[in-house]
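Thanks, everyone. Please have the structure open while I talk. I will keep this brisk.

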Amino acid sequence: MNTDQPYGAAMARAIAESRAAMGVSSPNPPVGAVIVDDAGAVLGVGHTQAAGGAHAEIMALREAGDRARGATAVVTLEPCDHTGRTGPCTRALIDAGIARVVFAVSDPNPEAADGADTLRKAGIDVIVGVGGGEAFNGPLRGWLHRQETGRPCVIAKTATTIDGRVAAADGTSRWITGEGAREDAHRVRAGMDAIVVGTGTALADNPSLTARKPDGSLYEHQPTRIVVGKRELPDDAAVLDDSAPTKLVRSHDPHDVLAAVPDALNVLVEGGPAVLGAFLAAGLVDEVHAYIAPTILGAGANAVDDSTVSTLAEAHRFVIVQAGLVTPDADVKLVLRRHPDL
């Protein structure tokens, strides 16, 4: 985003702060807030806490303290105007003496909306839309998707060779992509509400499905691990340890998987091929994170198995929204979203 526009730098800081709320705030939106003075100096920063905890504006106001009087609050989402498990953020901003509120995205939830009107009636200057595109497509995306569709944003993750293989003909698969791609994938996991694999993957690879830092330690937030399928897992399976919550969904229906995490905003599907194919066939994949190694196998298992596609016209189509190298291994990462016409 253009950080040179008025409050652009503060909004970029708020969006960055909101990432810390991903997977933590659900079912509430992951919001970031920054309090700045007239010179642009940051007085307080905050993000939404776990459900029932303080919202981003409250956290930022607490850090700013008395310095918030006459200052500007920069928030990624329109401050809420209702009382739920916490009080309305509009009232907190008014009571703190905030002079101006800048927010990126209007709240589509009718129960929480109209915050801007309440603030204006209290004599607070309100500016709408700064960094709107970046905030809409950033950490808020999953929550906004649930507001629109009633279900979480589903992200399919693949790690393949150039020719789309996830394993060689003899079954070897570790490691298709390199260390940099794996570190990036773990950062993504840390912001998810749930991560999904099939019983086939759980039995063949015995993955822990945790979100781990480069030094091997666990990120503070761990997504719920979901294993889908009807085969039994051994008692010592890694996904059954106490490092993260686990749910076993004894079904092959992707809708049952999403029903198992009713508060989720973002769900990551890591496969294998049959599970990814099932989510695609059900029309439930909204985004794809594709890690591609500079390697060709020529044979072996494909990333996706979807028997519902028999002709090019039936293909699942996406648009690329991000592309770049994942260092130091020269792997490529593509982020794709479902074609807007589909």
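This is a predicted model: local features need pLDDT of at least 70, side-chain atom pairs count only at pLDDT 80 or more; totals for chains, interfaces and linings use all residues.

Start with strand β3, residues 72-77. How many of its residues are buried? 6 of the 6 are, so β3 is largely enclosed by the rest of the structure.

Now its partners. Strand β1, residues 32-36, pairs with β3 in the antiparallel sense, over 4 bridges. Within that pairing, A33 stands opposite V75 in β3. Strand β4, residues 100-105, is joined to β3 by 5 bridges, and these two strands run parallel. There, A73 stands opposite V101 in β4.

What goes between β3 and β4 in their β-α-β unit? Helix α3, residues 89-95. The unit made by β3, α3 and β4 is right-handed.

Stay in this area and find M11. M11 belongs to helix α1, residues 8-18. Is M11 buried or exposed? Its relative accessibility is 0%, so M11 counts as buried. What does M11 touch, apart from neighbours within four places in sequence? The contacts include V74, V75 and T76. They also include V102, F103 and A104. M1, V130 and G131 are in contact with M11 too. Take V75 again: V75 is in contact with M11, and A33 stands opposite V75.

For a sense of distance, compare M11 with A281. The two are 270 residues apart in sequence. In space, they are 38 Å apart, C-alpha to C-alpha.

That brings us to helix α10, residues 273-281. Which of its residues are buried? V275, L276, G277, F279 and L280. What covers them? The cover includes strands β6, β7 and β8. It also includes helix α9, at 254-259, along with β10 and β12. Just after α10 comes G283, with a positive phi of about 70 degrees.

Next, charges. Side chains of opposite charge can pair when their charged atoms come close. The count here comes to 13 salt bridges. I will pick out a few.

First on my list, D286 and R151. Their side chains meet in a salt bridge, at 2.8 Å from N to O. Why does this pair tie together separate parts of the chain? D286 lies in the loop between α10 and β11, and R151 in the loop between α6 and β6, so the pair joins parts that are 135 residues apart in sequence. D286 and R151 are both buried.

Next, R337 and E287. Their closest N and O atoms are 2.8 Å apart, in a salt bridge. This pair also links distant parts: R337 is in strand β13, E287 is in strand β11, and 50 residues separate them. R337 is buried, with a relative accessible area of 15%. E287 counts as buried as well, at 6% relative accessibility.

Now a local pair, D184 and R187. The closest N and O atoms of this salt bridge are 3.5 Å apart. Both residues sit in helix α7, residues 179-189. They are 3 residues apart, so about one helical turn separates them. D184 counts as buried at 15% relative accessibility, whereas R187 is partly exposed at 44%.

Last, the rings. How many aromatic pairs are there? The count comes to 0. There is a charge over a ring, though. R182 lies over the face of W175, at 4.3 Å from the ring centre.

That is my tour. Over to you.

Terms used. Residues are numbered from 1 along each chain as its sequence is written. Side-chain values use heavy atoms; hydrogens and water are left out. Buried means under 20% relative accessible area, exposed over 50%, partly exposed in between (1.4 Å probe, protein chains only). Contact means heavy atoms within 4.5 Å. Rings of Phe, Tyr and Trp (its six-membered ring) pair if their centres lie within 6.5 Å; planes under 30 degrees apart count as stacked, over 60 as edge-to-face and the rest as tilted. A charge sits over a ring if NZ of Lys or CZ of Arg is within 6 Å of the ring centre and within 35 degrees of the ring normal. Two strands pair if DSSP finds at least two bridges between them. A crossover is right-handed if, with the strands pointing away from the viewer, the path from the first strand over the helix to the second runs clockwise. A salt bridge is a side-chain nitrogen of Lys or Arg within 4 Å of a carboxyl oxygen of Asp or Glu.
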